[in-house]
Amino acid sequence: MSKIQKSSREIKNTYLTSKGLSDARIELEYLKKTKRVQIAERIHQAREYGDITENSEYDAAMDEQAMMENRISELENILKSAKVISEKQTTDFIVIGSTVKIEMDDGIDEFKIVGRVEADPSKKRISNECPLGMALLGAKKGEEVDVATPIVRYKCKVLEIK
Amino acid sequence: MSDLPLLEFNPKLPKLSKNERKVLDLLVEAGKLIAPIYLEQEKQAKNDSFSSSPYTVVEKVKGKLVATPYHVKYAKLLKPVAEKLEEAAKVSDNKQFANALKVQAKALLDGTYEKAIATWLKMPPYILDISIGPVVYFDEQLFFAKASYQAWVGVINEKRTKRLKLYEDVALATHRKALIPGERIEENHLVKSKVDDVLLFSGLMARTKFIGVNLPNDLQWVKKYGSEITLFENANDFRMEEQIIPAFNKFFSPGFRQGFSREDLRRASLRYVALHEIAHSYLYYKNAFTKLQDLLPALYELSATVLGMRIAGSLLVKDIITDKQLVSMFVTFICRSFYLIEQYKKTKFMGNYALGGVIFINFMLENGALKQYKGLAIPNFVKMFVSLHDLFYILEKLLSSGTRKDAVDFIKKYGKLTDMI
C-alpha cells in the first residue's frame, strides 16, 4: 500500500511556465551559492557574541537557516517533477495556462490557471489543483461547470478563454 | 453607562525607533482625552434632537431649539486634545504623518473634518496609526446618524496587514453585479486596509469594542477619497474571552465543540469581520439611508456579514481558505449573535447588531440550516451556505429598492425573538 502511494506521489507533475521554471532555477542557485554562505557567516558571528542560550541574533539566524533549507528542498522537488506548460495554448477548452473569464456567484472574474507553485490569487493566478481550477479544466466557452467543496456549491459559467 | 470609556491594551509591538515610541506615547495621551467628551455626549444624547448635520448638538435653550457645532460645544475639552496632537506632530520625524496630525488637530477645533479624512486617506503606509475625533457610525444606536467622539491608537501589524490585503485584492478583483446597478456607487473606489495591534480604545470604540471598521461612512466622502478598512488584531482576543467562547460553550454540544480549537475560533472571528468590512465596499446604495431610515443600520450590517460569508466561499474555491475555516466563521458569527441578543435583552446596547443576529438565526432556522435541540444549536453548514444566497438577495433588494414598509414587514417576519433566542 505504501509503495503505491509513494509511486503516485513520484509521478505527480508540477506544472510551470517556462518563466516559472527559470525563476525556480535562479532562486535555487541563489539560495545554494549566496544565501547559504551569508547565513553561515551570520551564525558564525552570532556565536562570537557569547552564550548561545541567550543570544537572539543566533536564534534568528538559525531560524532563517532552517527556513532556507526547507525552501531549497522544496525547489529541488519542484524542479525534479517540473513539467513546462506549452506557450501556445488552445482556446477551444481550458488547460493549464489558459486565461479565463467566468461568471460565478453573481460576480465576473478573470484569472489565469497555473500550476500550484506559481499560483497567487492576489495576482489573478489560481492553481490547477484548487476546486475552481480543477472544475474548469477541460471546459469550453459557454459551458457551465459545478464547483464544489464539502461545504460550498457553485455554478460557474465560462464566458471567455484566452 | 457612566464609567469612563477607555480600554487599554498591552500588545507585543514590533521594534520602534525612539522617535516613534515618543510619538506613540503622545498619541495615547491624546486618545485618552477623548473619553470625557464621549461621556458628555452620552449625557447629552438624552436631550438631543434630530438635526441635519451629524456634527451638531441640538438642544433647547430658553424654550428655543439651538444648534451648536461639536467643535464649539466641546471646545474646552477639545483644546488639550488638539495641543497633544500638535506636540506629537512637532516631535514626529515622519513629515506626512506630522502633517496629518496637524490637519486633524485643526479639524477638532474648527470642524474641517472632511479635509482631515482626505489627508489620512492619502497618507502613505506608516507604522503608527491613530484615528481621533467625531466619526459617524450610523450603526451605533445611541447617536443614530450623529457622529460620536472616539479614538484608537495602534501600531501596524505588517504580517496580518499582508493577509488582509490578499483577501481584499482577491475579493474586490471580482466585479460583483449589483441588483440594480444605477443604485449602487460602483466598487472601484480606492480601498485601503491595515491591521493594527491596538494600544488604546477611547470613547465610542471603548464601548462598542469593534474589531474592524471601514471608514468613512459618508458616501460622498467615499466617492471622493475612498475608504479604509482597519482591523484590531488584539481587540479580537477581548471579544473571544467576553463573547465568543462563553456563547460557544453555552449553545453548542460538547461533541460539536471538540471539532474546533480556540485558535480556530479566534482566527475565524477576525476573518469574518475582515470579510464583513470588505463586503461593505459592495454595499454603498445611494438611497438606502433615505428610504430605510432608522431600519437601515441593522439590515446594512447584516448584509455585509452575509455577503462577506459568500465572498469567503469564493476564497475557498481558490484555495485561499479551507472548508474548516469557513465553517469556523459561521460558528463565530452565530456565537456573536447569541451574545449580542442576550446583551440586548439586558442593556439595550448594540441593538442593530442584535437584530441582525436575530434575523440571521431565524432565517437559518426556517431554512433548516440551523436546528435547536434542548437549547443547543445544531447547524447544517451546507444548507447555511445555500441559504446565504437567498438571504442576501432579500437584503440587497431592500437596500437597493426597498421602502421602509418593506423593511418593517421583513423585520416583523424574521426579527422576532423565539424560544431559542
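Exposure, contacts and backbone angles in a predicted model

Colleague: Why is B:Asp319 called partly exposed?

Modeller: B:Asp319 has 18 C-beta neighbours inside 10 Å, and since a residue is buried if 20 or more other C-beta atoms lie within 10 Å of its own, exposed if 12 or fewer, and partly exposed in between, with C-beta atoms placed from the backbone, B:Asp319 therefore counts as partly exposed. This is a predicted model, in which local features need pLDDT of at least 70 and side-chain atom pairs count only at pLDDT 80 or more, while totals for chains, interfaces and linings use all residues. Residues are numbered from 1 along each chain as its sequence is written, and chains are lettered from A and ligands numbered from 1 in the order in which they are written.

Colleague: What makes B:Lys374 exposed?

Modeller: B:Lys374 has 6 other C-beta atoms within 10 Å, so B:Lys374 is exposed. B:Lys374 also has a positive phi of about 50 degrees although it is not a glycine, and its place is in the loop between strand E10 (370–373) and strand E11 (376–379) of chain B, where helices (H or I, at least four residues) and strands (E, at least two) are DSSP runs numbered from the N terminus.

Colleague: How do you know that domain 1 of chain A and domain 2 of chain A are in contact?

Modeller: Two residues are in contact if their C-beta atoms, placed from the backbone, lie within 7 Å, and six residues of domain 1 of chain A are in contact with five residues of domain 2 of chain A. Strand E1 (residues 14–16) of chain A gives the most to the domain 1 side, with three residues.
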